[in-house]
Amino acid sequence: MHTLMVTGGAGFIGSNFVRYILHKYPNYKVVVYDKLTYAGNLDNLKDVAEDFADRYTFVHGDICDAKKVEETIRAHKVNVVLNFAAETHVDRSLFEPGSFIQTDVFGTYVLLEAVRKLGLERMVQVSTDEVYGSIEAGSSKETDPLHPSSPYSASKAGGDLMCLAYHTTWKVPVLITRGSNTFGPYQYPEKIIPLFITNALDNLPLPLYGDGLNVRDWLYVIDHCEAIDLVLHRGQPGEIYNIGAGNELTNLELTRRILRLLNKPESLIHFVEDRPGHDRRYSLDCTKIRALGWQPRHEFDSALEKTVQWYMENEWWWRKLKSGEYLEYYKKQYGERLRDTFARSTGFRAG
Ligand code: NAD
Ligand code: DAU
């Protein structure tokens with residue numbers, strides 16, 4: 001029996017991973033350890049709590065709290081930690097970088113210390129392609145230097161480097177995955193795909209940054225979970241694994257496909273001021289994870305269609321998120337700069 005502690009398991013990818021793992025391994029137990037920030041949501045695990053009551057436990061905690069992390073590991077006899085916990089939204093990192101440094105760097109250090117001290121079997125650090133920075137041509141390899149552009153990606157890079165230092169110095173059995181832009185059910189509606197689907201459903205404008213020609217490589221969340229599962233079971237400690245499906249699209253093309261699936265007009269597209277420091281393109285060389293035996297199983301267009309369908313059928317999940325704190329966030333972030341666009345796209349009234 002393995003007991004996995006999934007930090008950040010109440011977020012988007014973490015909750016999909018927990019559901020996937022409990023279905024796949026009938027002899028595994030999962031402890032979700034999550035601070036429940038604005039992005040953490042027990043609705044994401046509602047079905048899991050019902051379907052796997054005997055093998056799933058939720059602990060409300062912060063990864064920066066060393067005492068609670070260690071107590072939880074001891075109390076539940078955890079053998080493996082998977083760290084999904086992070087502040088994850090680039091735009092938010094531009095106006096509150098401190099929380100990113102705290103969770104994504106210091107929190108990772110706290111987990112590494114616990115894994116080292118308590119002699120756990122493995123830790124998987126879930127990281128991102130953003131640590132390589134923008135790449136105009138070609139694809140980033142695991143051995144490439146890091147050039148993070150935002151406080152978010154710099155914090156993730158700091159966490160990665162701490163993992164590598166713990167492996168080099170103390171042979172802590174930590175592995176790093178660097179995934180590309182992920183999409184699917186339960187993604188908080190601040191990220192482009194769920195934001196644009198839910199805005200379009202309400203006939204609200206879709207705020208496209210800059211010229212809309214920045215490129216992202218899209219990965220369906222279940223493909224991402226399968227790759228992390230493979231790295232957990234078959235990866236080499238101290239190694240880094242890129243995870244990308246090769247679905248490179250400009251944001252404009254992505255937006256057009258979303259509108260087509262919803263049968264909504266392109267007049268909803270609203271070009272707005274660019275994100276400062278906006279990376280032009282990400283692209284990953286995934287030779288290493290493919291050699292380990294992974295390949296994406298979901299074709300992009302049908303996965304996007306399935307995702308659109310999910311948001312159409314699960315208004316109960318997203319409607320309550322697009323209120324309260326969410327509107328405060330837009331108010332703080334965009335205030336004067338994008339007031340008109342966001343007033344219309346969120347219902348927020350300035351002043
Ligand atoms: P998310 O924002 O949906 O969820 C993050 C979760 O972490 C939330 O449940 C939140 O409550 C929790 N959390 C935040 N701070 C915490 C703390 N201090 N202690 C405990 N829990 C805390 O994030 P996501 O999109 O699911 O991303 C998960 C991981 O995958 C992150 O590490 C992110 O960097 C990485 N990643 C995301 C993507 C993507 O496109 N979403 C792609 C590649 C990598
Ligand atoms: O690449 C992996 C990363 O993908 C993860 O590490 C991050 O946690 C995740 O948030 C995501 O980062 P991005 O910045 O790429 O995702 P986001 O959905 O915020 O933006 C995707 C692209 O769409 C980016 O080029 C900015 C653009 N965009 C985004 C929003 C929210 C818009 O044009 N308009 C928007 O309103």
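Figure 1. A backbone N or O atom of Thr 88 lies 2.8 Å from an oxygen atom of ligand 2, a polar contact being a pair of N or O atoms within 3.5 Å. On its own, ligand 2 has 690 Å² of accessible area, of which the protein covers 94% (Shrake-Rupley method, 1.4 Å probe). This is a predicted model, in which local features need pLDDT of at least 70, side-chain atom pairs count only at pLDDT 80 or more, and totals for chains, interfaces and linings use all residues. Residues are numbered from 1 along each chain as its sequence is written, chains are lettered from A and ligands numbered from 1 in the order written, and side-chain values use heavy atoms, without hydrogens and water.

**Figure 2. The shell around ligand 2****.** Among the 22 residues around ligand 2, the nearest are Asp 129, Tyr 152, Asn 181, Arg 275 and His 278 (near: a heavy atom within 4 Å). Two or more shell residues come from each of α7 (192-201) and β8 (206-209) (DSSP runs; helices H or I, at least four residues; strands E, at least two; numbered from the N terminus).

**Figure 3. Helix α8, residues 221-234****.** Of the 14 residues in α8, 11 are buried (under 20% relative accessible area, 1.4 Å probe, protein chains only). The buried residues include Asp 223, His 224, Glu 226 and Asp 229, together with Ile 228 and Leu 232.

**Figure 4. Surroundings of Leu 82****.** Leaving aside residues up to four places away in sequence, Leu 82 touches Leu 4, Met 5, Val 6, Thr 7, Phe 17, Val 124, Ile 228 and Leu 232 (contact: heavy atoms within 4.5 Å).

Technical notes:
The expected span of a helix is 1.5 Å times one less than its number of residues. Buried means under 20% relative accessible area, exposed over 50%, partly exposed in between (1.4 Å probe, protein chains only). A polar contact is a pair of N or O atoms within 3.5 Å; within protein, one must be able to donate a hydrogen and the other to accept it, and residues adjacent in sequence count only if both atoms are side-chain atoms.
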